[in-house]
Structure formats: structure tokens, C-alpha cells
Amino acid sequence: MRIRPMYDRVVVRRLPVETKTSGGIVIPDKSAGKSTRGEVLAVGPGKLLDDGTTATLAVKTGDQVLFGEYAGTEISLDGDKVLIIKEQDILAVVEEDVEQEKAA
Amino acid sequence: MRIRPMYDRVVVRRLPVETKTSGGIVIPDKSAGKSTRGEVLAVGPGKLLDDGTTATLAVKTGDQVLFGEYAGTEISLDGDKVLIIKEQDILAVVEEDVEQEKAA
Amino acid sequence: MRIRPMYDRVVVRRLPVETKTSGGIVIPDKSAGKSTRGEVLAVGPGKLLDDGTTATLAVKTGDQVLFGEYAGTEISLDGDKVLIIKEQDILAVVEEDVEQEKAA
Amino acid sequence: MRIRPMYDRVVVRRLPVETKTSGGIVIPDKSAGKSTRGEVLAVGPGKLLDDGTTATLAVKTGDQVLFGEYAGTEISLDGDKVLIIKEQDILAVVEEDVEQEKAA
Amino acid sequence: MRIRPMYDRVVVRRLPVETKTSGGIVIPDKSAGKSTRGEVLAVGPGKLLDDGTTATLAVKTGDQVLFGEYAGTEISLDGDKVLIIKEQDILAVVEEDVEQEKAA
Amino acid sequence: MRIRPMYDRVVVRRLPVETKTSGGIVIPDKSAGKSTRGEVLAVGPGKLLDDGTTATLAVKTGDQVLFGEYAGTEISLDGDKVLIIKEQDILAVVEEDVEQEKAA
Amino acid sequence: MRIRPMYDRVVVRRLPVETKTSGGIVIPDKSAGKSTRGEVLAVGPGKLLDDGTTATLAVKTGDQVLFGEYAGTEISLDGDKVLIIKEQDILAVVEEDVEQEKAA
């Protein structure tokens with residue numbers, strides 16, 4: 001199912017929380033609670049401003065983002081759980097992740 | 001009964017929550033609680049801005065939309081239950097749903 | 001008594017909640033709790049905007065409107081109970097009601 | 001004592017709540033709780049807007065107004081209780097009251 | 001000690017609550033709780049508006065004002081208790097008080 | 001340690017609360033709870049306005065100010081406790097204090 | 001991992017709380033609770049204003065800042081705990097710290 005988020009909302013798939021074993025291997029960490037890192041699947045057209053125009057969002061499809069634990073609304077998309085988050089609840093964009101590149 | 005929602009309100013009929021059987025057949029899922037997906041029956045003229053003008057809504061009649069579980073006010077329309085939702089409580093518009101097309 | 005509601009307030013007389021008997025006759029339904037449908041008796045001059053001007057309301061005297069269960073303030077007008085509601089608490093305007101026309 | 005209410009405040013003297021006896025005579029109704037109808041004794045110069053100018057009020061001295069039960073602050077003026085209300089808490093202005101004219 | 005209140009704040013000395021004896025003499029009434037009437041000792045330069053300019057206040061030193069029971073912050077000024085109140089918490093200005101003039 | 005407060009924040013060192021003995025001598029009054037009077041050590045560049053510009057503050061380094069009991073955040077600066085207060089929580093500036101001048 | 005904070009958010013690494021021993025040596029003070037001082041690792045592009053433009057932040061990478069105890073959201077960055085703080089929760093920037101220079 002393809003969905004278009006409204007205005008300044010963003011669709012995000014949570015990425016598994018990873019822990020590095022002593023041998024340096026990155027493995028998913030089930031005990032760490034909900035991941036607060038995810039990949040952007042779709043972005044809305046922009047934040048509705050007071051004058052009715054919209055301000056384009058600062059994140060794009062494919063970005064990896066960090067967000068608060070309780071951010072967004074969880075919905076089911078073709079059997080997968082995804083989050084629809086307001087852009088203002090996104091804390092930062094991951095620009096480079098050496099660990100992840102080694103593990104890839 | 002035909003109704004015209006005010007300003008940035010939208011009239012939505014909830015769509016049944018569906019589950020896919022092992023044989024791939026999509027069936028309504030009564031146990032899933034209130035559906036958070038619906039079809040737009042009517043849209044208001046637009047959101048009232050600070051200067052008194054209105055901003056046209058980004059959803060239109062016939063769209064399928066996703067919304068939060070507690071969004072909107074439920075009213076009875078010719079014996080049917082429908083929701084009147086503020087556009088700002090709509091999370092996303094369903095653009096394409098392969099499952100639904102197969103089941104149709 | 002004739003009253004002029006202030007700014008974006010609207011005077012509404014609740015319409016009885018109706019149920020259709022098996023024979024198709026529409027009758028008032030006392031058990032349904034407070035009606036959330038009413039007729040507009042008077043409208044204010046408009047919503048006061050930030051710059052001091054007003055925006056004319058989108059409902060007019062004679063319209064039938066739908067509103068939330070707890071909307072407005074109830075006052076007594078010549079012995080009748082009426083509601084004074086802010087326009088922003090009106091959900092929709094009834095444009096056409098086949099049932100009501102048959103019953104009329 | 002003469003007082004000048006500030007900005008968008010209005011000084012109101014509550015009018016007694018009246019009930020009509022079977023013989024059609026209007027009498028004060030002590031049991032009805034606080035009256036929510038009153039006469040305007042004085043109005044402020046206007047509502048202070050964001051840009052520092054003021055918007056003249058829509059009620060004037062002598063108007064009879066309806067207001068919510070808990071609106072305003074009660075003060076004592078020469079031994080009488082009066083209310084100082086914000087204009088935004090006034091619901092409507094009584095334009096014509098046949099009952100009151102008959103009783104006068 | 002001379003103090004300059006900030007922006008839209010006002011320094012007020014509470015005036016004693018007075019009751020009139022049967023003989024018409026006005027005397028302080030200790031039982032009446034905190035007085036909600038006071039004399040303005042100093043006013044701030046003006047209310048800071050959204051654009052950074054200020055709007056001059058509508059009260060001036062020497063005015064007698066009425067305010068809510070819980071308005072302002074009480075401070076000690078040379079051993080006296082005075083109130084520093086935001087102008088928006090002032091209800092009205094006393095323009096003329098025949099009683100007070102007789103008692104003077 | 002020298003610190004630059006952000007925007008409309010102000011660094012204040014509390015001044016001891018003083019009581020005057022019968023002999024007229026001003027002495028610190030430990031029992032009076034937290035002092036609500038202090039000296040300004042540093043001021044921020046200005047309050048950030050809606051359009052991104054800043055409005056210069058109305059207090060300056062060296063001013064003595066009065067503030068509410070619970071205003072600001074207490075931090076340790078070279079072992080001393082100081083307060084970082086938002087300008088909007090400052091009630092007034094002390095312009096002249098005869099007592100303090102005599103005691104000096 | 002390199003991250004780009006959104007809009008007016010700032011990434012900060014807490015600096016250890018230090019206490020000075022009688023001999024003048026500055027040592028980390030574990031008992032002092034969470035440090036409210038940190039070093040800025042990255043800053044967002046600016047605060048989103050009502051008109052959709054952004055206002056550049058007043059802090060930059062490398063600044064040492066003071067902030068409230070409960071400010072920001074803690075995230076894990078390559079195994080280290082860092083804070084993502086809104087600029088409006090930063091109290092001040094440390095401009096000069098003689099103690100720290102001696103200890104360096």
C-alpha cells in the first residue's frame with residue numbers, strides 16, 4: 001500500500017536497535033525497548049503556515065532519522081508496523097554511520 | 001441526508017478492518033477495534049486563516065484516508081455511523097492499495 | 001424575545017431526535033439523549049480577527065446544523081431552551097434530508 | 001462611584017431572573033440561581049489588538065446582555081454587586097423583549 | 001525606595017476596604033479580606049508587542065484601580081506591602097467616588 | 001567564569017534580605033526565605049521576535065531588580081549560586097534606595 | 001555516527017560536574033547529579049519562523065553551554081550518551097572559565 005502523509009507528517013519504518021558484541025558484530029537488541037531510529041518512507045508536501053502556504057520539509061525519503069520514544073502514531077501498512085510522525089518530533093537526521101557501513 | 005462539513009472538517013465513513021486469511025482472502029476483522037481507515041464522503045470549503053481567508057483542503061471526496069483512533073466526532077447519517085474529522089487529524093491519504101485491488 | 005448573538009456565536013434551537021418506525025414513520029426519540037441537530041435562529045456579525053475586522057459566518061438563519069453533544073451554552077428564551085454556540089463548534093450544515101421531506 | 005472598565009471589559013448589573021405566573025405576571029424568581037442577564041453600565045475603550053490599536057466593542061451602555069453563569073468578576077459598587085465581564089464572555093444582546101415591555 | 005515596573009506592570013498600594021456605619025461614616029473594614037482596590041504608585045513603559053514596540057498603558061500614577069483578589073505579586077517596599085500587577089489584571093479605573101470625597 | 005545569557009535571559013545574583021533594627025541598622029534577615037531582589041550580572045542580546053529579529057532588553061548590567069520567588073533557574077558560578085531569569089519574570093527595577101545608600 | 005539536528009535543535013555532550021578540592025584541584029563530582037553543562041557537537045540550520053524562513057541559532061559547534069536539568073532528549077551516539085536540546089532550553093554560553101583553563 002502506498003500512502004501520502006499529510007502536510008508536515010512523515011512515514012517512518014523503525015530500524016532495529018543494534019548492540020555490538022565483544023567481537024565487534026552488530027546484532028539487533030530486542031531488550032532495548034522501542035527503537036527511536038528509523039528510515040523515512042514518505043514525506044508530506046510541507047508544513048501549513050499561517051498564511052495558507054506550505055514550508056517544504058527538511059527531511060526526504062530514504063533519510064535515517066532519530067525521534068522521541070513516544071513520537072507519532074503507529075499504523076499497519078501491508079502487515080508491517082510503521083510510524084506517522086510530525087516533522088517537529090524528529091530530533092535529527094543521521095548523516096553518516098561508520099558502524100552501519102562496516103556491518104553492511 | 002447530504003451534509004456540508006464546516007471549514008476544515010471532513011466527513012468520513014470508516015472502512016472495515018480487514019485481515020488476510022492463510023489462503024490470501026481479505027476478510028473483515030471484527031476483533032481489531034475501531035477502524036482507523038475510511039472513505040471521504042464530503043470536505044469543507046477550507047481552513048479559516050488568521051486573515052479571514054480560507055486554505056483549500058488537501059483531501060477530496062472519494063479519497064481513502066488514515067486517521068488516529070480517537071479522531072473526530074461520530075454522528076448518525078441516515079442510520080449509518082460516520083465521522084466528522086478535522087483535516088489536521090488526518091495522517092495520510094492511501095494512494096495505492098494492491099491488496100484492495102486484488103480483493104475487489 | 002429577539003437576541004443578537006455576539007461575533008461568531010449562533011443561536012440554535014435543538015431539533016428532536018427522530019427514529020423511524022418499521023412502518024417508515026419518523027417519530028421523536030426521547031431515549032436518544034440530547035439532540036445534536038438544530039435550526040439556526042440567529043447568527044452573529046462575524047468572527048473577530050487579529051486585526052480587528054470580522055469574517056462573516058458560513059451559516060445563516062434557517063440552516064439546519066450538526067454540533068457536538070457538549071457544544072454551546074443553554075439559555076432560556078421566552079420559556080424555550082435554546083443554545084448559543086460558537087461557529088467553530090458547528091460540525092456541518094444539513095444540505096438535504098430526504099427523510100425529513102417525506103415526513104413533512 | 002463611577003468606574004471606567006479597562007480595554008474590552010464591561011460593567012454589568014445583573015437583572016433579576018423573572019418567572020411568569022399563570023396570570024401572566026412576571027415576578028423575580030429567587031430559586032433560579034444567579035441571573036445570567038444584565039444591563040450594561042459602562043464599556044471599556046476597546047479590545048487591545050496585537051499591533052497595539054484597539055477594536056471598539058460591540059455592546060454599549062444600556063444594552064441588555066446574556067452571559068455565562070461563571071463569567072466575570074463580582075465587585076461592590078456603592079453597596080451594590082456588579083459584574084466586570086470581558087466582552088468575549090458575553091453571549092448575546094437582547095434586541096427586543098415583548099414580555100418585559102408588557103410588564104413595564 | 002523608588003522602583004520602575006517593567007513593561008506592562010503597575011505598582012499598586014492597596015486601599016483599605018471601607019464600610020459605611022449607619023451614621024454614614026466610612027470606616028476601614030478589617031473583616032472584608034484583601035482589598036481589591038488600590039492606588040497606582042508607578043506604571044511601566046508599556047506592553048511589549050509582537051513586533052518589539054510597546055503600547056503605552058491606559059492607567060497612570062495616582063489612578064485608583066480595581067483588580068481581582070489574586071492579581072499580582074506582593075513585595076515589601078520600605079516596610080510597606082505593595083502589589084506589582086500586570087495591566088491586563090486591572091478591571092477598571094475609579095473615575096469618581098462621591099463617598100470618598102464626602103469622607104475626605 | 002564569565003557567561004553570556006541567551007536571548008532574553010538575565011543573570012542575577014540574589015541580594016541578601018535586610019531588616020532594619022530598632023536602632024535603624026540594616027542587617028541581613030536569614031529568616032525571610034529566598035531573597036527576591038538581586039543585582040544583574042549579565043543580560044542577553046534580546047528577546048527573539050516572531051520575525052527572527054530581537055528586541056533589546058530593558059534591564060542592564062548593574063541594575064537592581066525585583067522578581068518572583070520562583071523565577072529563574074539556579075546555577076553554580078565559580079562556587080556562587082546565581083539565577084538565570086527570563087526578562088518577562090522581572091517585576092521592576094530599583095531606581096533609588098535611600099535605606100541602602102545610608103547603610104553603604 | 002554524525003547527525004544533523006533539526007531546525008533549532010542542538011546536540012550537546014554533557015561535561016562532567018567538577019568540584020575543587022581544598023588543594024585547588026578540580027575533580028569530577030559524581031554525587032552532583034546530572035551535569036547541566038555541556039559542549040555543543042552540532043547545531044540545526046535555524047528556528048522555523050511563522051513565515052517559513054529560519055532564524056540562525058545563537059550557539060555554534062564547540063561552545064560550552066548551560067541548560068536546565070530536564071532539558072532535551074537523551075540518545076545514544078556510538079555508545080555515548082548525548083543530549084538533543086531545543087535552543088530555547090539553553091540558558092547561557094560559557095564565555096571564559098579561568099578554573100577550567102588552570103586545570104587544562
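Residues count as buried under 20% relative accessible area, as exposed over 50%, and as partly exposed in between (1.4 Å probe, protein chains only). The model is predicted, so local features need pLDDT of at least 70 and side-chain atom pairs count only at pLDDT 80 or more, whereas totals for chains, interfaces and linings use all residues. Residues are numbered from 1 along each chain as its sequence is written, chains are lettered from A and ligands numbered from 1 in the order in which they are written, and side-chain values use heavy atoms, with hydrogens and water left out.

Salt bridges within chains come first. A salt bridge is a side-chain nitrogen of Lys or Arg within 4 Å of a carboxyl oxygen of Asp or Glu. Side chains of opposite charge can pair when their charged atoms come close. Over all chains, the rule gives 35 salt bridges. In chain G, one joins D8(G) to K86(G), with 3.9 Å from N to O. D8(G) sits in the loop between β1 (2–5) and β2 (9–14), and K86(G) in strand β10 (residues 80–86), so the pair ties together parts of chain G that are 78 residues apart in sequence. Strands (E, at least two residues) and helices (H or I, at least four) are DSSP runs, numbered from the N terminus. D8(G) counts as buried, at 7% relative accessibility. K86(G) is partly exposed, at 28%.

Chain E holds a salt bridge between K86(E) and D8(E), with the closest N and O atoms 3.9 Å apart. K86(E) belongs to strand β10 (residues 80–86) and D8(E) to the loop between β1 (2–5) and β2 (9–14) of chain E, so parts 78 residues apart in sequence are tied together. D8(E) is buried, with 7% relative accessibility. K86(E) is partly exposed, with 28%.

In chain C, R14(C) forms a salt bridge with E74(C), the closest N and O atoms being 3.7 Å apart. This pair also links distant parts of its chain: R14(C) is in strand β2 (residues 9–14), E74(C) is in strand β9 (residues 73–77), and the two are 60 residues apart. E74(C) counts as partly exposed, at 38% relative accessibility.

R37(B) lies in strand β5 (residues 37–43) of chain B. With 17% relative accessibility, R37(B) is buried. Its side chain makes a polar contact with the side chain of Q64(B), at 2.8 Å. A polar contact is a pair of N or O atoms within 3.5 Å; within protein, one must be able to donate a hydrogen and the other to accept it, and residues adjacent in sequence count only if both atoms are side-chain atoms.

The interfaces follow. Between chains B and A, 22 residues of chain B are in contact with 16 residues of chain A. Contact means heavy atoms within 4.5 Å. The two chains bury about 1700 Å² between them, 57% of it on carbon and sulfur atoms. In chain B, the residues that lose the most area to chain A are L91(B), E95(B) and E96(B), together 34% of what that side buries. Buried area is the accessible area (1.4 Å probe) that two parts lose on being put together, summed over both.

Two salt bridges are counted between chain B and chain A. R2(A) pairs with E95(B) in a salt bridge, the closest N and O atoms being 3.2 Å apart. Strand β11 (residues 90–96) of chain B gives the largest share of the side that touches chain A, seven residues. A network of salt bridges links R2(A), R4(A) and E95(B).

Between chains D and E, 16 residues of chain D are in contact with 22 residues of chain E. The area buried there is about 1700 Å², and carbon and sulfur atoms give 57% of it. R2(D), R4(D) and M6(D) supply 38% of the area that chain D buries against chain E, more than any other three residues. R2(D) forms a salt bridge with E95(E), with 3.1 Å between the closest N and O atoms. The largest share of the side of chain D that touches chain E comes from β1(D), with four residues.

A rotation of 51° with 0.0 Å of shift along its axis superposes chain D on chain E (RMSD 0.0 Å). Copies are superposed by least squares on the C-alpha atoms of residues with pLDDT of at least 70 in both. Only 6% of the interface residues of chain D are also interface residues in chain E, so the copies meet through different surfaces.
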